Amino acid sequence: MAEDQAMLPLNLHEYEAAARAVLPPMAFDYIASGAHDEETVRANRAAFAQWRLLPRMLRGVTEVDISTTVLGQRISMPVLLAPTAFQRQAHPDGELATARAAKAHDTIFAVSTLATTSIEDVAAQAGAWWFQLYVYRDRAIVRELVQRAEAAGASALVVTVDLPRTGRREADERNRFALPPGVVAANFAHLPQREIAKDDAGSALTGYIAAQLDQSLSWKDLEWLAGITKLPIIPKGILAPADARLAFEHGARALIVSNHGGRQLDSAVATLDALPAVAQAAQGRGEIYLDGGIRRGTDVLKALALGARAVLIGRPYVWGLAVGGEAGVSHVLSLLREEIALDLLLCGCAHLSEIDRSFVVPTGPLA
Ligand SMILES: Cc1cc2nc3c(=O)[nH]c(=O)nc-3n(C[C@H](O)[C@H](O)[C@H](O)COP(=O)(O)O)c2cc1C
């Protein structure tokens with residue numbers, strides 16, 4: 001991490017450029033890329049520009065409080081760290097650095113099944129954390145992962161539902177994506193699932209996921225999971241309002257509106273565009289979180305205004321990790337924290353709970 005503050009990136013966009021300069025191209029492409037034409041990667045960002053904030057004036061706000069709660073857990077700001085695989089590929093400290101930065105910021109780190117540090121080692125450094133589950137064909141593996149996460153102190157189980165197979169990320173295919181030597185899926189001890197072996201046909205991840213994950217996953221499996229754990233279940237990857245209803249009918253306690261950062265179905269709806277209808281369909285049965293394209297404090301406020309309780313960031317903190325390990329992740333969170341606080345103040349609000357639908361208007365003349 002550069003000592004000189006003036007050299008540090010000023011915002012999350014600049015972190016991407018800084019990370020590009022330090023990462024091997026294969027790792028950079030794996031993190032940055034989306035599926036096919038990356039329509040959804042762009043749509044996630046573009047959706048935020050379709051809304052404008054409508055600030056209120058002369059409300060005498062001198063102090064702002066951007067803390068909130070998710071599933072009853074207090075966090076210092078409405079931003080969590082989304083599960084991202086293979087963090088040791090970005091920095092030797094990998095998930096440990098992310099866990100420490102999240103803890104320092106009093107927020108939650110959702111640890112990926114495909115972490116390159118074991119559940120137990122991450123838990124030893126983490127504050128509050130969630131475990132993100134991929135459902136393997138081998139249900140003994142799934143049970144064991146869930147039990148380990150529970151025993152190690154996870155406070156929720158994020159079940160990713162949008163990855164029966166990997167979306168076709170053409171950069172990874174072209175690069176024949178594989179993990180660098182010594183970087184493994186650390187949750188699988190001595191099992192073959194530990195190795196994401198090089199595949200001369202294309203991305204090693206494509207074959208791994210097709211071979212290992214259960215493509216037959218259905219709503220009844222969500223109930224099965226709810227039956228084997230006491231942890232609240234949070235499906236990640238919901239876009240359709242009908243699926244939001246089904247999620248709560250099948251035991252979800254909250255859900256994440258996500259399209260996997262545009263890495264799965266290309267041309268899938270932007271998450272911010274899906275959010276209002278999902279929030280309406282949920283009818284207050286559980287909290288709604290959103291990820292995809294969050295890069296500014298104003299993005300966070302728009303998501304909150306349209307029905308999200310909190311948001312998650314993916315790529316931006318991985319860029320921070322690549323650039324500066326724990327300090328880089330922490331700086332990314334600080335930048336976002338400061339933006340949210342300033343933007344909330346400029347909206348004329350002291351608390352996030354004041355941000356409702358009246359604070360956003362569609363782009364164009366006011367009605
Ligand atoms: C490098 C990378 C790895 C990811 N790995 C996982 C994962 O292991 N499990 C998962 O549920 N989502 C994974 N995701 C998706 C993120 O959790 C999240 O949905 C997405 O990154 C949000 O979009 P953003 O990157 O624009 O913030 C990954 C995303 C990236 C960029």
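## Surroundings of M77

M77 touches I66, S67, T107, R337 and I340, leaving aside residues up to four places away in sequence; two residues are in contact if their C-beta atoms, placed from the backbone, lie within 7 Å. This is a predicted model, in which local features need pLDDT of at least 70 and side-chain atom pairs count only at pLDDT 80 or more, while totals for chains, interfaces and linings use all residues. Numbering starts from 1 along each chain as its sequence is written.

M77 lies in the loop between β3 (73-75) and β4 (79-81), strands being DSSP runs (E, at least two residues) numbered from the N terminus. With 23 other C-beta atoms within 10 Å, M77 is buried (20 or more such atoms; exposed is 12 or fewer, partly exposed in between). M77 and R337 are 260 residues apart in sequence, and their C-alpha atoms are 6.8 Å apart in space.

## Helices α4 and α13

The axes of α4 (residues 94-104) and α13 (residues 315-346) come within 8 Å and cross at roughly 15°. Helices are DSSP runs (H or I, at least four residues), and axes are lines fitted to C-alpha atoms over the stretch in contact, with angles from 0 to 180 degrees between N-to-C directions. The two helices are therefore roughly parallel (under 35 degrees).

On the α4 side, the contact is made by A97, T98, R100, A101 and A104; α13 contributes Y317, L321, G325, E326, V329, S330 and L333.

## Ligand shell

The ligand is surrounded by 22 residues, the closest being A82, S112, G261, G314 and R315 (C-beta atom, placed from the backbone, within 6 Å).

Conventions: Parallel < 35°, antiparallel > 145°, perpendicular 65-115°, else oblique.
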